[in-house]
Amino acid sequence: MRETAGARHAPVAAATTRGTLPLRAVRDDVTAHPGGAGAVDDGLARRLKALACTAPLHDLDARKSKLDWADAGVYQMAEIALHTIDQVTVAMDFDTGADHEQIVQRLVPFVAAQAPSRPVGEHERVARWVLDNLINVGTVDRGFRHVYGVVADDGTYQRRAFDFKLLVEVATPAGEVYLRASDEAINVLVGALDTDVESAQVAAEVKLENLITRGRLADAKLAAEQARYRTVQYGETLRAMLEATRRDVRAVDWEETIPELLDSALAHIESRFRAENAILRNITAARDEAEDLDHKRHAAELVEIVSDCITRHTQLQARLQAAGATFRAEQDRQEFSGPPRRGGVDLFGQLLVPALDLPVARAVGPVEAYFAAAGGVAVPGCATLPSLVSMLLRPAPERETVVGEVPEPELTPAEQPTRFTAEHAEQADKLVAMQQRPVRLSDLLAQARTIDADLPLLVALRAAHAYGADVGTAVRQGEQAIVLAADDGTPLADERFGGSDLLLATVEVDAAGASHGGPGQRQPRGEHEDQDQESDAVLEEGK
Amino acid sequence: MSGVTDTEAAARLIGFGLRPKQVPARDTAYADLVRKYQADGQFKQLTHAVAAGLGLLVLEVNQQAGAVLAAGEESAFEIKMDNYARQSKIRERRETEKVMHGVIHLATAALAFPRPDDLANDTYIGRVSVEQIDSVVREACRILDERAAQAESNGDPLSDAPELEQAWRVYARRPAAAATKDGRLAPDTTRGMISRALRFLAEQGFLVHISSDRGGTYRTTPRYQIQVRELAADRAFGELLDLDVVAVADDVGTLRADTSETL
C-alpha cells in the first residue's frame, strides 16, 4: 500500500497532552507490541471467530421450536440457512446479487422438500424467517456480534467483540436493495477458513483432477462447487479493487502497481482457463463414456459447474480489460489541475480520516465542532398568537401523497394485564409462608376468603406449585426455606376448587445434608410422576 | 449620513443573511446592501457590530453568496448536534449517533471539495451524491482497516469499553441499506443518514438538488464553500490539534483510492 503522507498522524510532544491522556494510554496498551505473546493467541482468536460465524446457524435450530406461527420442528433450519447462503453466493456477480424475493422463491422448493405436507405459505414464511435471521433484521447494524477473550501481552484477559455479517444488503444506484454474501459467510460455507484465496483454489483443482482420475465423481462435484465459490470470492476481491480505482485515479500508482496487478490477475485467469478447460474436456469425456447412470449424472452436473466457473472468469477478464480504459479516461478527466492558489485544509486527509481513526468518545468533540460551524444558522421559530392559531387549524399533511402508501403496522397485542396485583401476591406469600406447622389447604383458602375474594385462587395455585416443588433447585440456589405440599388422600371439600386437601408446610433447607441425601431430599423420584396429574386436579375450578 | 438608517440597513443585511436561500442576484435591495458593505468601511463595521450583538459572526459578504453568517457559541441561532441527532433512536448510544452524523457531514464537505485547491478556488463548484459519500467513507474505513491489519495488533473492540471503539469500525459496521416493507429508505442506515444530511444542507442553502441519480445528487453553493473554508474546517482542525492528531497535507489532497492489498 502506498503511504499517504497527509493521512498519517503522529502524537505531538507531551506539552499539549491534556486531560484526555488516559484514553490514549488505554488504547496504546491494547495495540502495543505486535507479535510477541499475541502471536500464540492469534490462531485461537481466529478459530474462535470462525466458530462464531456458525453460531447464527445453530441458533436458528435452537430457536425454531419457539416460533408461534408454525410447528417448525420438522425443518432443518441450519440446512436451509446454508442453502440460502449458497443461493445468494451463486447469484452474486460483478454488478448485482439477488433481491429478497428472488432468494425466497429459490428457497421455497428446498424448504418444501423437508415438509411436503405443510402448506406453501408456511414454506415461504420459513424461508423468509431464515433469510431475515441471516441478515439479522431488527438490529441497527444488521449483523452479529460475538464476544471472545484474548490474553494480552501483559497477561490480562481482555474481552473483545467480533462483529460480522452473513448476508449484506446493498443498494443499487436506482435504490433497489439486493443481497450479497459476506466474506465471512463464504468462508463459513466453503469451510476453508483463513486460507489464501489463490492457493486454496489451486489446491481445490488439483484435488478435483485427482478425484476424477480415480472416478470418485460425488466428491469431485463437491470440490468443483468449492472451486466455484472460490472463483466468486476471488471475483469479489477484484471487484472491490476495481471499484475503488475507478472512484479516484489521482494517487493510484499507474506506473507500476496497477499494471502489475492487472498482469498478475490476467495471468491467473489464463492459468485457470487452462486448468478448467482441461477439466471440462476430461469430465465431458467421462460423462459421455460413463456407463453408470449415477456417474453420468454427476459428471453432467460437474460439467455445468465448471462451465459456470469459466463464464465467471470471462466476466472477470472483461472487467480487467475495461479497467485500463477507465483509468485513462479518469486520468484525463481528473489529473488536469493547477497548483493551489491558496493554502487550504485537506478535508479528507486532515479531518475525515483522522476523525474516523479516533475512538468514538474522542471523535465526538471534533465532529461536533465541525457540525456546529458547518451547519449554518438556524432561525428560531417565533410563535405569535395569529400564526399559532393558523398552525393549529392547518390540516395534517397527507402522508400518502408525500411518501407513498403508509404500511399498516403489524402490532403485537399488548401483554395481558396481570391477573393478580402485587398486593395479592404479597398476601398469598404471607399466608402460605407463615405456616410453621403443616396446615390444610382448606384452612388457608378459608383464611384467604376473609381477606379478598380473588385471593383463594392464587393461594390454590401456590399450593399446587408447592406440590411439585423442585427441592434440588432450591438447594442449588441456596434458599433458606421452601414451601412443600403433601397429599395424604383427604379430598378437598370446597365450593370452588376440587382435588386433594393438601398439607402445606414451610420446610428449612439443609444444604449440607442435601449433598448426601439428608432431610433436604425429601422427594423420592417415584412419587414425582403422579404428582403432576394430581396437582392439576387441585385446580379444577368448580364453575 | 444618518446613523439610524445605517443601523437599520445593517440589520436588514443580517436579516437577508439569515435567509440562506436568498441571493443578491435575485434581489436588488440585497445586492445594494452588499455593494454598500463592500464600499463603505464604516457600514461594514456597523454590520459586524450588529451581528456580534446578535451572537453572529459575519464570515463573508459578496455578490455570489450574499451575507454568510455563523452562529457564535450559545447564540440563539446556533444549530446543535444534539438537536440534529435527536430524531435518531434512543437505544443506540448517543455519542455513536453523533459521531456517525458528524462524520457524514465531514465526508460531504470532503467530497464536495476533494483538494485543498478546490476549497480555496472561489469559482469551484463541487458535486456530491449519496452513493459517492457512502463509498468514500467506506473506502476510508477500508484503508484504516488495512492499516490496522498491517499493524498486526488485535483491533477488535473491547466488549466492555465500547467508547474506545474507533469511529471507522462503527461506520463500517452500519449497513448501507436495508430492505423496508414499503421500499422507503431506512433511516438507521448510512444511506438514510446521508440523504438526511444532504437534505438538511440543501435546506440551509449550502447545496442545490440536481437530480435523484445515485441516491440524490447535489451541487455546492458559494455559501457552503465559505462556511467550510472560513470556519468549520478550522474549528474541527483545532479540535483535532487539541487531541494531538496532526496531519500534514500536500497540494493534491489525500482523497484517493489506494490499491487494495487483499489480492
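Colleague: Which residue stands opposite B:His209 in strand 5 of chain B?

Modeller: That's B:Tyr218. Keep in mind that this is a predicted model.

Colleague: OK. And which residue does B:Leu207 stand opposite in strand 5 of chain B?

Modeller: B:Thr220. Strand 4 and strand 5 (residues 217-220) of chain B pair over four bridges, in the antiparallel sense.

Colleague: What about the hairpin of those two strands, which residue there takes a positive phi?

Modeller: B:Arg214, with a phi near 50°. The hairpin has five residues between strand 4 and strand 5 of chain B.

Colleague: Let me zoom out. What's the strand order in that chain B sheet?

Modeller: The order is 3-5-4, in an open sheet of three strands with antiparallel pairing. Strand 3 (127-129) and strand 4 (207-211) of chain B are the edge strands, each pairing on one side only. On average, neighbouring strands in this sheet are turned by 35° against each other, direction ignored.

Colleague: Which helix packs on the sheet?

Modeller: Helix 9 of chain B, residues 190-203. Helix 9 touches strand 4 and strand 5 of chain B, and its direction makes about 120° with that of strand 4.

Colleague: Then which residues of strand 5 of chain B are on the covered face, and which on the uncovered one?

Modeller: B:Tyr218 and B:Thr220 are on the covered face, while B:Thr217 and B:Arg219 are on the uncovered one. In a regular strand, side chains alternate between the two faces of the sheet.

Colleague: And how many bridges join strand 3 of chain B to strand 5?

Modeller: Three, and those two strands of chain B run antiparallel. As for a residue pair, B:Ser129 has B:Thr217 in strand 5 of chain B as its bridge partner.

Colleague: Switching to chain A. What's the order in the open sheet of three strands there?

Modeller: It's 5-7-6, with antiparallel pairing. Strand 5 (439-440) and strand 6 (481-486) of chain A each have a single partner strand, so one side of each is left without a neighbour in the sheet.

Colleague: How many bridges join strand 5 of chain A to strand 7?

Modeller: Two, and strand 7 of chain A covers residues 503-508. In strand 7 of chain A, A:Leu503 is the residue opposite A:Arg440.

Colleague: Last one: which strands of chain A does helix 17 lie across?

Modeller: Strand 6 and strand 7 of chain A. Helix 17 of chain A takes in residues 455-467 and runs at about 95° to strand 6 of chain A.

Technical notes:
Residues numbered from 1 in each chain as written. Chains lettered and ligands numbered in written order. Predicted model: local features only at pLDDT ≥ 70, side-chain atom pairs only at ≥ 80, totals over all residues. Pairing = 2+ DSSP bridges. Contact = placed C-beta atoms within 7 Å. Axes fitted to C-alpha atoms, helices over the stretch in contact; angles between N-to-C directions. Buried ≥ 20, exposed ≤ 12 C-beta atoms within 10 Å, placed from the backbone.
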